[in-house]
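The following exercises concern one structural model and are each followed by a worked solution. Please study the sequence and the structure before reading on.

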Amino acid sequence: MASYPQNFRFGEFVGSLLWLIFWVLIIVTLVGLPLVFIVLYYVPLPPINGEVLTPFLFLTMAVDPSRTIPIIEHFMTTDLFRVAAFPGFTYAALIAAVTIFVERKFLAKMQLRIGPLYAGKIEGIFQLIADGLKLIAKEIIVPSGADKPIFWAAPIAFVAVAAAVVALIPAAPGYVAADVDVGLLAVFAILGFFPLIALLFSWASNSKYPFIGGLRALHQMIAFEIPFILSALSVVLLSGTLNLTGIVNSQIQSYWFIFFAPISAFVFYISSLAELERIPFDLPEAESEIVAGWLTETSGMIYGLIQLGSYIKTYALAALFVILFLGGWAGPDVFPQEIETPIINIAPLYDPVAANATLWFTLKTFGVIMLMLLPRGISPRIRIDILLHTGWYKLIVLTFINIFIALALIYGGILGPGGLLVR
Amino acid sequence: MTSLEDKVEESRKLGLQIVKESEEDRLMTLSVGPQHPGSGHFRFIIKLDGDYIVYCDPDPGYVHRGEEKMCEYRNVIQNIPHLERPVIHDSNNVTYSYSLAIEELVGIEVPRRGQFIRAIASELNRQVYTLYWLAIYGIFLGHSTMFMWPTGDRELFIDLLEALTGARVTHAFNIPGGVRNDMPDGFKDRCIRQVRYFEKRLKEYEDIFYNNPLFRQRTEQVGVLSKEDAAKLGVTGSVVRASGIPYDIRKAEPYDIYNEIDFKVQYMKSGDSYARSYVPFLDMKESCHIIEDLLDKMPESGEVRAKLQPNPKGPPGEAYRRVESGRGALGYYVVSDGTPKPYRVKISVGSFRNILALPYLLVGQKLADMPAIYWSLNYWPVEADR
Amino acid sequence: MSSEKKQEKPAKAANSSSKPSTTAKPPVPARPTAPVAAKPPAPAAAPPVKKEPEPPAFEKGLADQIRKKFGESTRILFIRPLRIKVQVDPKDIVEVATFLRDSMGFDHAESVAGTDYPKDNQIEVIYHLGSYTRDDLAAHVIALATRTTRDDAHLPTLINVYKSVEYHERETFEMLGVYFDGHPRNDRFLLPEDWADIPPLRKDFRIKGR
């Protein structure tokens, strides 16, 4: 029931509005504008069409959509765009969101269910938004005796580290946030943070089940880290570089490495499942044994952040699989060289190579993600001793077999510089 | 290899006596339940040495409702609706042996058609229970598809029972003297159709769950209960049959028309968690045959219940009758003092007998085997607490 | 009209119930069959039921074994198809149970039930024993009963004879207050941890509102 106070006066209402506007203006003038000028003084402004993009010019250009194109064109060449938008966080988060929805529907179809249905008119596509709102609205409960700084920092670190992996992934030629020469090593180095975060968080929760879960996560990730790295080693041997873009280019020059290193690809797939704590390797979160493992004490958005991080990680590892074994963005051209748009000419923004690469990269990544979702429907959870045995004894041996195959291919003159199969 | 008693004695010492501080530091005490996704309304306190369980103490009673005391305040018919509460998924079997005991005390003969309908309802209900049990076993091992499929297929039998009795889970269908009402028209064809479909589904269960290498790895040779120990501990139902003792009340002491039905007692010899989870599955298969056989041999018409006096009472005396429920032998010991209210009712339930084996099986196993062993014991916490 | 119906119905019911059933109740074909319903109404449990006509031969043989071994110290209260009830003194119960287990093959206890008899100032504890190892005993249950006084209720435990009575005896302890001498844990089991009333299955414990 809407109600208003008994002593309501319209004049007072208008007066209060004016009072509000007055204070807003005061604060903007005295604090806002000086801040803007200080920032503008230190930030180098980009030149657009030979002119420096001052705020005045920006505002005049933003009014007319056709004149906005150069600004966007310039923005697409900046690092900020790479980090925040395309191969970086937004793209990864978007794929993560689609993954969550697809996983739920896909699993539901497998289990003869319907899945999300009500949120959003069509097949419950807004379920994720509903879940996100619910998580944000929930109270965050910090257990008594918890180590608070670590407890708060760990979920944020989890997302940050997952995003750091994404920064190294090239999604199209030239589209990579950090194009480092030792890209592959950097990926594995960053992935090494995850068990640490799990252990820190579980220790900070001051609870028994998270502690067991954290120890399990540590055991599991260390056991699978070594076959994980070794399985990528045969790819490095075949391509002769650690740079991820270089690995893709060498596959474009010859063939996809999955044909030469199928065992490594298999080991990489298994290890990434273990790294992601997905069924059948979800021991650190095994709910019938240790409640929710190291996530037991998470609540509200802390849980949401960790879930977001783990789905971004899923994207990152699937993308890494595509880059290492499935030829990255290589694929037949489907986009035309030139496009014409009726009202606004967006031709300067249009890059057929990048569009093509993005299409194929996204499609392949999604295929791999689906493959990673599949075991959840068909497999029970594995036991920790079998898991460790698999990691230490079986997968490492398998990777070595493929490393020897790779060496034979190189020294036999089939691949490598000047090899038979190199175009 | 230490004997079973030694192992448990050792664990008792560890748990109950004061141990040295350095040893105590090694151990971590976990209270599994009642707020644990892998326990149900039940708690067991375990102590861990590393990843190994060295001590286990079951502590049921969270859903104790004093059914036995309640029985003493109501007459024999009024007792039926609350007696099925302990296992609402298996309510026909719970009231079955109670009805048998009361019939023995009061001296009633159940009409032949009534006996058949009783048996059909109890077999259908056993399927409902076993599917629910299997679903939880699936999710306990992290197999979510095996949770969804049986809970979905359970509807087949729930629908049948709804058509038969009018309620989906708490039927109150068996009463002393027969069953409450006759079969609806067309029930027989519908029942046969759904049971045949279910038999096809069972093959898929086997493919996705029982033949899954990961599932076999987790359950085979885990929590082995030998034949001798099973007999000594007095476990019952699928647990004792998995240990190589082909003991089924339906065969051992056939009640009503079970001696006319042709079926085999399903049992396995290995006694591990796999056998304990596979025997209920075999029972479900056999149950399908039993239902078809019962529908075949059922007389086309006739009375379904014997008429009772209001407030039926028999002479003073006592009776102990058992049936085979989803969790094993379910016995009612009823003492009557000649009044309409029973003087004493004791329910000997399979769950309560099976849980005795839990400390014996858990000690020395890994923590990850806990759900695989615990739920394979076919334990229903509410039933054990009564 | 309605009165006719009412008259008809009991007649019909009586007719159908008195019809000799084709179902042979007890399974073991060697024994003479006796439908449960045909059993004459058993008199009170207190006087030994010797008026029952012709107890089944197999059960009688079992009872005779017990009688021969222990003589007058055990009383066979009734012999019915598949069921025998034996009453013994508390001091003999371990001995009798050991004999039942070792010589007769009753290897596990199915239930332990306590019944309160305030009139006699006694509590009866009754063990229902079954057999897994002997096939011919599969259908049989021996009820081994013993009585103790209500005021100082304690009995020797059978846990050293039957492992399977462990939780049942614990339950009997908390529900009826019968202390089992030698049982490792005469302890709370099903009741709440803060239970501070008399044992609830005794007859002088009344449910509130009833």
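The pLDDT is the predictor's confidence in each residue, from 0 to 100. This is a predicted model, in which local features need pLDDT of at least 70 and side-chain atom pairs count only at pLDDT 80 or more, while totals for chains, interfaces and linings use all residues. Residues are numbered from 1 along each chain as its sequence is written, and chains are lettered from A and ligands numbered from 1 in the order in which they are written.

**Exercise 1. Describe the confidence in chain C.**

Step 1. Chain C has a mean pLDDT of 74, and 73% of its residues reach 70 or more.

Step 2. Elements are DSSP runs numbered from the N terminus: helices (H or I) have at least four residues and strands (E) at least two. Within chain C, the lowest mean pLDDT, 41, belongs to helix α1 (residues 2–18), and the highest, 89, to strand β4 (residues 122–130).

Step 3. The pLDDT is below 50 over residues 1–50 of chain C. Where pLDDT is low, the predicted coordinates should not be read in detail.

Step 4. For the model, the scores are ipTM 0.83 and pTM 0.82.

**Exercise 2. Determine which chains touch.**

Step 1. Residues are in contact if their C-beta atoms, placed from the backbone, lie within 7 Å.

Step 2. Two pairs of chains touch, and chains B and C have the most contacts. Chain B contributes 47 residues to this contact and chain C 43 residues. On the side of chain B that touches chain C, β7(B) gives the most, with four residues.

Step 3. Between chains A and B, 24 residues of chain A meet 27 residues of chain B. Elements giving two or more residues to the chain A side are α13 (287–290), α16 (375–378) and α17 (384–411) of chain A.

Step 4. Chains A and C share no contact; their closest C-alpha atoms are 24 Å apart.
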